[in-house]
Amino acid sequence: MTRFMDKTFWGLTIGLVVILVANFLLEDWLRFIGLQSMARGAVALGLLILWRAGLVSFGHALFFGWGAYAVALSQKIGITDALLGIIIGTIASGLLAFALGFLLRRYRAIFFALLNLAFSMILYGVLAKLEVLGSTDGIGVKQPSYFGITPEGANAHITLFCFTAIIVYIVALAVHRYLSSTLGAMTIAVRENEIRLEYLGYSAEKAIHVKYVFSGLLAGFGGAVMALAVGHVDPDSMVYWPNSGDFVFITILSGTGNVAATFIGALAFELIRTFAFDYAPQIWQLLMGGTLLVIVMFLPNGLWSLTEHLGKRRKSAPSPAE
Amino acid sequence: MARVLEVHDLEKSFGGVVAARDINVTIDEGETIGIIGANGAGKTTFVNMVTGYLRPSAGRIEFMGRSILGMAPRRITTLGLCRSFQVPQVFGSETVFENVMIAMGIAESRGPALLAPLFAPARAARAETHMARYQIADYRDVAADALPQGVRKLLDIAMATVRKPKLVMLDEPTSGISVEEKFGLMDIIMAALREEETTVLFIEHDMEIVERYVSRVLAFYQGEIICDAPPAEALEDPRVKEFVVGQELHRSTHGAEETGNA
Amino acid sequence: MTFGIKRSGALFAAAALLAGTGLAQAQDKVKMAVPTFLTGAGAPAFGIPAKKGSELIVRGINEGTLPAPYNTPGFAGRMVDAIIYDEAGGGTKQVTELRNKVQKEKVDLVVGYISSGTCSAVTNVAEELKILTIETVCGTPRVFEELDKNPKYVFRTMNHATGNNVSAAHYIAKTRKGQVKGFVGLNQNYAWGQDSWRDFELAMRHLAPEAKPSSKQQFPKIFAGQYGAEISALLRGKEKLVHSSFWGGDLEALIGQGSARGLFHKKDFVLTVGETVAYRLGKKFPQGLMIGARGPYGMYAVDDPNPLNQWFQKEYRKAYGEPPAQPAYQYAQGILAAKYAYDTAAKKAGKFPTTDQVIEALEGATFPTFVGEVKMALSKGHQAVTDDLWGVTVWDEKRGETVLKDVIVFPASCIMPPEGVASIPWLEGGMKGAKC
Amino acid sequence: MDLQLLIVIIVDGLIYSSYLFMVAVGLTVIFGVQKVLNVTHGSFFAFGAYLAATLIGVWYNAELPAFGGFLMIFLAAAFLGVVFGLVIERGLLRYLYHRDEHIVVLATFAAFLALEDVIILIWATDPYFAYQPMELLGWTDIAGLTFDNYNLSMVGVSMTIALIMWFTLTRTRFGKILLAVIFDREMSQSMGINVNKVFLVTFMIGAFLGALGGAYVAPTISVQPGIGVEVVVLAFAVVVIGGMGSIPGALIGALVVGISRAASVHLLPEVELFVIYAIMAVVLVLRPEGLFAPPQARKI
């Protein structure tokens, strides 16, 4: 953790190169799953930051949907550039998180989780009602341009994939760096002992607020990417509460050990869902729920813990002399 | 000698119960003050009020000539008034080293610097020095939850003093420590604090420790300070004898140990 | 493929057909994805009948047992492999699924979609994927009027929802001339309900100007299930006519709760998709309601003597023990459109057609369906128009089924906007160009 | 506002409030005691509705005495309470209490997903109707409007549930034990309370109430897939407004939402959809712990 160019850095860099190369070889449907994994993985990354602080949000579809709608609406006023759209979606959610953070930072544990859910439901209700925003039918999102160039057909997704992968790479590194920064280390401090944090001279609420804004930014980013990838935004598949459940699902599936894990977990999630859907069209939810239960029961630290079982683990007490 | 802390007419009541009243204390730089008193005498309430955990019902608190009344603990901490806890407040799942590093990182960073890596080599070196000073370096890589009680107490105090505070308040540094270990522990603490030139105030039940380490005693009884004097004089005070020392003897015969929350 | 019988696949397929086994080599099949609601609230009223209708018609097509002109087996001689899958989960999920079906399972075409939300989400993706997509049930006019103004791969083989509400207004104007003083809406608070009410109200404004809309339109949340307060409000209101686009469980709940309170005796109801639940409720379905089926389907088709229709009625009842309601017809019609297009294109090309040739054959086509014909008349030949019918429910003791009386047929040219005109401007402008 | 309208609003509001209370009370009971937001509550409701509809169908097809249909409703709920208590609490949650509380919620979410499909496996996708009990009770005219007695009876059932709950909590030994467990789980364990047993019983009660909500509502609706999803949201909203884990809160939350909704339907129907969310938003901003937050043992 002491150096910037650590294992995670190299892992992410190699990962980026691999998926950029793979991008040109993949079948289209896999590329699309990859895109979705990056989008949902980004949200899960935001949840990971909160999770490390001992907080879970059951309502991050709020920021996901908010970012997605921000992209769709920014297109309506003529902003078609992908980067600009993604920035707008990300910032929009960040601002929303900043505003709500003043209220949410006062809550912990299950109350924090549920207040988030409540806020996401309010957004859902508003979106489903607003006919100007297409109500439940949602609004279409056009293929974006990239610095003035608008790729067509299959190239559209190849470009979006490259583009997203590079941003995700930067974002993941940024989060990794954040987690190893002093501010990031406060995630642990908040989870373990808020009193001590106060008496070290930092406000636990402020630390939580910062994390909340980060997680909002990440969810907004994920939503923005999803909007561009799918070409459509609607309340049911972006904001409705089971979406929030999916994000937490991915976080659990991934484990919170490493920033890279969330993207691997998101990919696993998408693949499981795709195949469950293909092979058991009437009971795919049963398979999803079952998978989640198995993970919760038997792999509590997620898929990432499999890698840690292989490696060594520190922090065992040499001799508890009590 | 510079005035570090001035407390005037401090009062605190919970509902109808008065937990502190007429508290007037001044502390000068370099003093070592021991607070004694039976359970519920208002010792911890006093520390909680001064460090911002509880808001007094009335009174004034000045630290380094500046009113800190109503400030949040973190503000008071950043001004240089720090504290440790009766039940050590540490980050249980993290190692000693990580605990100290986090504490140092927070003490040393403000604004954008908070985003710099926590585990910077220079800071790690300072942390090693700090751990060595409190003689907890041997437990460097042990999770705080797995530490022996004494070491955890030291860690708690070490974390409280990473800022090199002007004044540190230790809430029962020796509680939960066996009699044989108490003096060793206090030696470490006092040596370290002297090295850091920190004025210290601690709450203590053990009169031997009070006699040995402090320059001045504040005796609490039912929310009031009944005696403020050097230890030799204070321990001979009849009221102290009756309401504090007597109780302490009574207490130690039962061997009961105070547990509770900060 | 591994058995070395690849060379004369078509011959083999034909032989297999003659044997009635339906066996054929994989590459000689037409893979058709059929999205429909298999789970969730959309399943009972729409999804499952649609699935049954699709399975029945595909079986008929593969066996070649349909009456003329669909009496040749398969699509252009190739067996149809229908992959029926769940439409639940929202637009994003359905886009993912569409990509999976096209890119992973390499389907040749998609026939289906019930929810307007799904159609809104998948239409442009279908164009991008260059996959022939025949949308069947979803009703929103936005598909071709807003989202996909120059469609190539996407078709819709039935009227959009506007037509149904316009014909409802026509029916009221014709049968209750001057009697309707005011009307009120009870629609679910989501896109379908909002659009239905808007279309109906605009149409009424021109067709029955003496009838005034209430100032208190009810828009309960979809799947609310409890309509006590709404029923009270309707009962208290002075408007006698109630328009509702309720469907499925919500409609069934409304009927159950309303019947117990005499709602359907005291008010005249226009239920735009009431037909979807009428059979299921049997005698519990109130009499004297105006119900729609969005075209000549289900209850409106039940007695039509067309052999294709009679085949469908008979086989459906035989296979599933219940009469076919509108979604069964509508999905089957979409699949018939595909068969028509493949067969026509094959005839023209002299061999199994390419997707472009199939599209060319379907664009602007007129093909026979269960009752009458479907004209791909609007949106550059991609949006179908059919006649629409309205009538009033009555219980037929002899059949043990609800049937319709006082049925009036409204020609497509009367109820759908002309080519090049979007629905809302058309309605707002007084439905110019309508030929009734 | 004329008197007739006022009466109608109150009656409609009370009926809807009763529905909301029946839907929400089981959720709040389990949350209050176990601190678990039990997402499977939606499944309990759905199973309750399905089982009741099935049993009612069987009962009337066998032409048994008419009022027995009501027996079926309670039978279905009681049976499901026991079954789900054993399956979900004993079979699943029991192994997760030592884990993070979010994990427990997630596990119930997973079980909910799975149970949604189990319903389809058991009952397929066809809807079930169980209208007979509703027909049986007839109707009453109130303020010039016809109301069906079945829906009115829901008010009575809800009040009975509320009274029994109040009595149990304040006047019985079990209630005292419950309150102790709610206040401090560890402390009550050290006092010799068998917390595991309390949890199981509470969960069974909560599941029974959830299933009863579904079972009692079944005759007024068409029982079909997806009804559980909506109920989770609705119950959750009521519980948030009232204060999570508080039974008086659930009652007040249901009343506030029910009456406001009825008033909006009659007076300003455009805002109906927003009523519940608006109340929730206001309550969250002003009093995020809900109107009636139960006491909490704060450990610092």
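**Strands, helices and chain contacts in a predicted model**

User: Which residue in strand 14 of chain C is the bridge partner of C:Met290?
Analyst: In this predicted model, strands (E, at least two residues) and helices (H or I, at least four) are DSSP runs, numbered from the N terminus. Strand 10 (residues 290-291) and strand 14 (residues 388-396) of chain C run antiparallel, joined by two bridges; two strands pair if DSSP finds at least two bridges between them. In strand 14 of chain C, the bridge partner of C:Met290 is C:Val392.

User: How are the chains and residues labelled, and at least what pLDDT do local features need?
Analyst: Residues count from 1 along each chain as its sequence is written, while chains are lettered from A and ligands numbered from 1 in the order in which they are written. As this is a predicted model, totals for chains, interfaces and linings use all residues, side-chain atom pairs count only at pLDDT 80 or more, and local features need pLDDT of at least 70.

User: How are helix 6 and helix 7 of chain D set: roughly parallel or roughly perpendicular?
Analyst: The axes are lines fitted to C-alpha atoms over the stretch in contact, with angles from 0 to 180 degrees between N-to-C directions. Helix 6 (residues 149-171) and helix 7 (residues 173-183) of chain D have axes that come within 5 Å and cross at roughly 80°. Angles under 35 degrees count as roughly parallel, over 145 as roughly antiparallel, 65 to 115 as roughly perpendicular and the rest as oblique. Helix 6 and helix 7 of chain D are therefore roughly perpendicular.

User: How do the residues of that contact of helix 6 with helix 7 of chain D divide?
Analyst: Residues are in contact if their C-beta atoms, placed from the backbone, lie within 7 Å. D:Thr168, D:Leu169, D:Thr170 and D:Arg171 of helix 6 meet D:Phe174, D:Gly175, D:Leu178 and D:Leu179 of helix 7. Ala, Val, Leu, Ile, Met, Phe, Trp, Tyr, Cys and Pro count as nonpolar, Asp, Glu, Lys and Arg as charged, and the others, Gly among them, as polar. On that basis the residues of this contact divide into four nonpolar, three polar and one charged.

User: What radius of gyration does chain D have?
Analyst: Chain D has twelve helices and two strands, and its C-alpha atoms fill a box of roughly 60 × 50 × 35 Å along the principal axes. The globule rule is 2.2 Å times the number of residues to the power 0.38, with the radius taken over C-alpha atoms. For 300 residues a compact globule would be near 19 Å, which agrees with the value for chain D, 19 Å.

User: Which helix of chain C gives the most to the side of domain 1 that touches domain 2?
Analyst: An automatic or database assignment sets the domain bounds, giving domain 1 (9-159 + 304-385) and domain 2 (162-293 + 387-428) of chain C. Their C-alpha centres lie 29 Å apart, and the contact takes 22 residues from domain 1 and 23 residues from domain 2. With four residues, the element giving the most to the domain 1 side is helix 2.

User: Between which chains are the most contacts?
Analyst: Chain B and chain C do not touch, and their nearest C-alpha atoms are 36 Å apart. Among the five pairs of chains that touch, the most contacts are between chains C and D.

Key: Contact = placed C-beta atoms within 7 Å.
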